[in-house]
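This briefing sets out selected side-chain and packing features of the structure shown below. The points are grouped by topic.

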Amino acid sequence: MDILIALIACLVPGLIFALLFYHADRYEREPIHFLVLVFLWGTVPSLILSELLNSQIISMLAWLSRSTVTTLVAPALEELLKALAIASIFFFARQEFDGVLDGLVYGGMVGLGFATAENYIYYIDALQNRGWYALFELFILRGIVFGLSHAIYSGVVGAGFGLARHTLGSRKHISYIIGGLITAYCIHAMHNLGSRSPG
């Protein structure tokens, strides 16, 4: 029962936000199969890899406090992993990646996928260890108030790819992509610093 409740709590906002991103491009919507793929990349591989690599990095950086690793290291790892989905569309399906809006949509989708899976972990832990009120409190904060955080971070990365789409010159091309990643990292790190929790 707890698993079902936690699943519903994380899926409902995630899917509603995903529909909003899908309808953002009113004139040329992105193919459903690509959007599903980037959403799933957020929910499965990037979250698993992030959790595995985060624990490895925390042990390697034992001389730093855990909060420092959470604030400074985790956002870099997570944004790089989520960016792989955007880069895959950008390089291997360029005909479906027209510019900044497409980048925002693909980035938003992978971010929503990541947030949905991450929220499930937090929700099930809250429900099983601290009860209904803890779940409700987390749902309001993570699912609603900060429900679009990962979508915003990854959307910024996607916008960087979108700017690079029609840019001439490899240096400028790369600078837009790197600029998007750095900006997303800074926003993500500031959020983690302000909330004192991973997110």
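Predicted model: local features only at pLDDT ≥ 70, side-chain atom pairs only at ≥ 80, totals over all residues.

Residues are numbered from 1 along each chain as its sequence is written, and side-chain values use heavy atoms, with hydrogens and water left out. Helices are DSSP runs of H or I with at least four residues, numbered from the N terminus. Buried denotes under 20% relative accessible area, exposed over 50%, and partly exposed the range in between (1.4 Å probe, protein chains only).

**Salt bridges**

- The structure has three salt bridges, each defined as a side-chain nitrogen of Lys or Arg within 4 Å of a carboxyl oxygen of Asp or Glu.
- E79 and K82 are joined by a salt bridge with an N to O distance of 3.0 Å. These two residues are about one helical turn apart, because they stand three residues from each other in helix α4 (residues 66–92). Both E79 and K82 are buried.
- R142 and E118 form a salt bridge at 2.9 Å, N to O. R142 belongs to helix α6 and E118 to helix α5, so this pair ties together parts that are 24 residues apart in sequence. Both R142 and E118 are buried.
- R130 is bridged to D125, with the closest N and O atoms 3.7 Å apart. R130 is exposed, at 55% relative accessibility, whereas D125 is partly exposed, at 37%.

**Aromatic pairs**

- Five aromatic pairs are present; rings of Phe, Tyr and Trp (its six-membered ring) pair if their centres lie within 6.5 Å, and planes under 30 degrees apart count as stacked, over 60 as edge-to-face and the rest as tilted.
- One of these pairs is the edge-to-face arrangement of F90 and F91, with 5.0 Å centre to centre and 90° between the planes. F90 is buried, at 0% relative accessibility, while F91 is partly exposed, at 48%.
- F90, F91, F97, Y106 and F161 are linked by ring pairs into a cluster.

- G103 is located in helix α5 and is buried, with 0% relative accessibility. Its C-alpha atom is 5.1 Å from that of G162, a residue 59 positions away along the chain.
- Beyond residues up to four places away in sequence, G103 is in contact (heavy atoms within 4.5 Å) with F97, G155, G158 and A159.
- T116 also falls within helix α5 (residues 100–129) and is buried, at 6% relative accessibility. A polar atom of the T116 side chain lies 2.7 Å from the backbone oxygen of L112.
- Apart from neighbours within four places in sequence, T116 touches C10, L11, G14 and F39.

**Surface patch**

- Y133, F136, I140, L141, I144, V145 and F146 make up a nonpolar surface patch with about 690 Å² of accessible area together. Such a patch joins nonpolar side chains (Val, Leu, Ile, Met, Phe, Trp, Tyr) within 5 Å, from residues with over 30% relative accessible area and no salt bridge; accessible areas come from the Shrake-Rupley method with a 1.4 Å probe.
- V145, one of the patch residues, lies in helix α6 (residues 132–145) and is exposed, with a relative accessible area of 51%.

Key:
Polar contact = N/O pair within 3.5 Å; in protein donor to acceptor, adjacent residues only side chain to side chain. Patch = residues over 30% accessible without salt bridge, like charges linked within 9 Å, V, L, I, M, F, W, Y side chains within 5 Å.
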